[in-house]
Amino acid sequence: MSVVPPKNLWRTLAVVFALVFLYASVLAKLSHDWWTDENYSHGLLIPFVIGYILWAEREKLRQAHRKPSMLWGGTAILLSLFALWAGVAGAELFMQRTSLVLMLAGVVAYFWGGRLLRLVWVPLFLLLLAIPIPTIVLNQIAFPLQLFASRCAVWSMRLFDIPVLRQGNVIELLPLNSLETKKLEVVEACSGIRSLMTLMTLAVVFAYFTYPPGSSGDSPRKSGRFSSLKSWGLWRSSLLVLSAVPIAILTNALRVSGTGVLARYYGVKIADGFFHSFSGWVIYIVAFLLLFGLGWVLDRLYSLFPNDSVAAPADIDLSQPPVTAATQFAQSEGTD
């Protein structure tokens with residue numbers, strides 16, 4: 001169901017067609033990258049997740065207070081158009097794609113206002129996470145992760161008294177029953193960047209669907225500009241999303257370490273083929289379980305502490321004034 005009245009449906013369709021026409025090439029290239037780039041293959045599921053979130057929250061979207069902001073919405077639309085033009089002129093795909101997210105935010109603010117924009121910021125953030133980052137930035141992130149994973153592998157192998165030599169992201173070892181050393185290279189695909197992007201997206205989805213009810217900070221006692229900063233749900237969601245970074249890095253380091261140890265006893269062929277793919281799926285499952293376990297621990301810790309908001313007892317009618325000794329004495333004087 002739409003959040004706009006049926007009489008304005010033609011305006012909505014006109015805006016949708018205009019956006020599709022404006023970003024047709026951007027969407028086509030983005031879909032192609034989702035299909036071919038394994039680092040962002042989770043982007044194929046993002047449109048379905050966003051659609052489900054919008055459908056699940058359709059009642060809130062329909063009942064949200066609408067206060068169109070032509071100033072902020074129009075400014076965001078103009079900035080997105082400028083970013084799209086600059087991205088096309090400079091052949092910068094990342095700027096073109098981020099302009100799409102800014103354009104959608106500007107359209108929502110222009111027609112419906114900031115209240116509705118706050119309700120759809122999670123779908124917009126998920127779309128932003130599905131946009132591939134520039135290659136120069138990806139390399140700056142992936143190479144340190146490759147070095148970290150290779151250091152962890154060398155440290156783990158030395159715990160098993162395995163002679164090993166590391167040169168950057170290349171590990172040199174002597175497999176059993178072999179007369180020459182073999183080299184294992186921790187390439188970009190083994191850096192953990194793929195699991196990092198996927199796990200961060202999953203963390204956002206998990207935090208959204210397990211958001212604690214009644215912790216949005218919208219109660220009268222918590223009203224104010226910064227009242228949402230006191231919300232437990234906000235802090236819980238932030239911890240879950242931020243924890244995806246160390247969980248992804250550590251689990252990938254565990255995978256590389258296990259591959260290095262097994263390469264000593266079974267040869268370097270263990271790093272390719274079925275075991276390489278199977279270990280990737282196992283590490284994904286372990287990372288997901290760690291993320292879910294962290295959410296469970298946070299919920300258990302929160303349940304140990306009493307809520308700061310004191311609810312009124314159910315048997316007290318707050319609409320009536322409090323009964324004091326003076327009111328009781330006045331009522332007794334009026335009766336025989």
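Biologist: Leaving aside neighbours within four places in sequence, which residues is Arg97 in contact with?

Modeller: In this predicted model, Arg97 is in contact with Val26, Lys29, Leu30, Asp33, Ile131 and Pro132, its neighbours within four places in sequence being left aside. Contact here means heavy atoms within 4.5 Å. The model is a prediction, in which local features need pLDDT of at least 70 and side-chain atom pairs count only at pLDDT 80 or more, while totals for chains, interfaces and linings use all residues. Residues are numbered from 1 along each chain as its sequence is written, and side-chain values use heavy atoms, with hydrogens and water left out.

Biologist: Why is Arg97 called buried?

Modeller: Buried means under 20% relative accessible area, exposed over 50%, and partly exposed in between, with a 1.4 Å probe and protein chains only. Arg97 has 3% relative accessibility and therefore counts as buried. The residue is found in helix H6, residues 93-111. Helices (H or I, at least four residues) and strands (E, at least two) are DSSP runs, numbered from the N terminus.

Biologist: What makes the pair of Arg97 and Asp33 a polar contact?

Modeller: A polar contact is a pair of N or O atoms within 3.5 Å; within protein, one must be able to donate a hydrogen and the other to accept it, and residues adjacent in sequence count only if both atoms are side-chain atoms. The side chains of Arg97 and Asp33 make such a contact at 2.5 Å.

Biologist: Why are H6 and H8 called roughly antiparallel?

Modeller: Axes are lines fitted to C-alpha atoms, for helices over the stretch in contact, and angles run from 0 to 180 degrees between N-to-C directions. Angles under 35 degrees count as roughly parallel, over 145 as roughly antiparallel, 65 to 115 as roughly perpendicular and the rest as oblique. H6 and H8 (residues 121-129) pack at about 170°, with axes 9 Å apart, and H6 and H8 are therefore roughly antiparallel to each other. Thr98, Val101, Leu104 and Ala105 in H6 meet Leu124, Leu127 and Leu128 in H8.

Biologist: At what angle do H8 and H10 pack?

Modeller: The angle between H8 and H10 (residues 193-209) is about 170°, and their axes are 10 Å apart. H8 is therefore roughly antiparallel to H10. Val122, Phe125, Leu126 and Leu129 of H8 make the contact with Met197, Met200, Thr201, Val204, Val205 and Tyr208 of H10.

Biologist: Where is Asp161 placed?

Modeller: Asp161 is in the loop between helix H9 (135-159) and strand E1 (164-167). Its phi is also positive, near 60°. At 69% relative accessibility, Asp161 counts as exposed.

Biologist: How do you know that Trp34 is buried?

Modeller: Trp34 has a relative accessible area of 6%, and is therefore buried. Trp34 is placed in helix H2, residues 24-36. Not counting residues up to four places away in sequence, Trp34 touches Tyr40, Ser41, Gly43, Leu44, Pro47 and Ala130.
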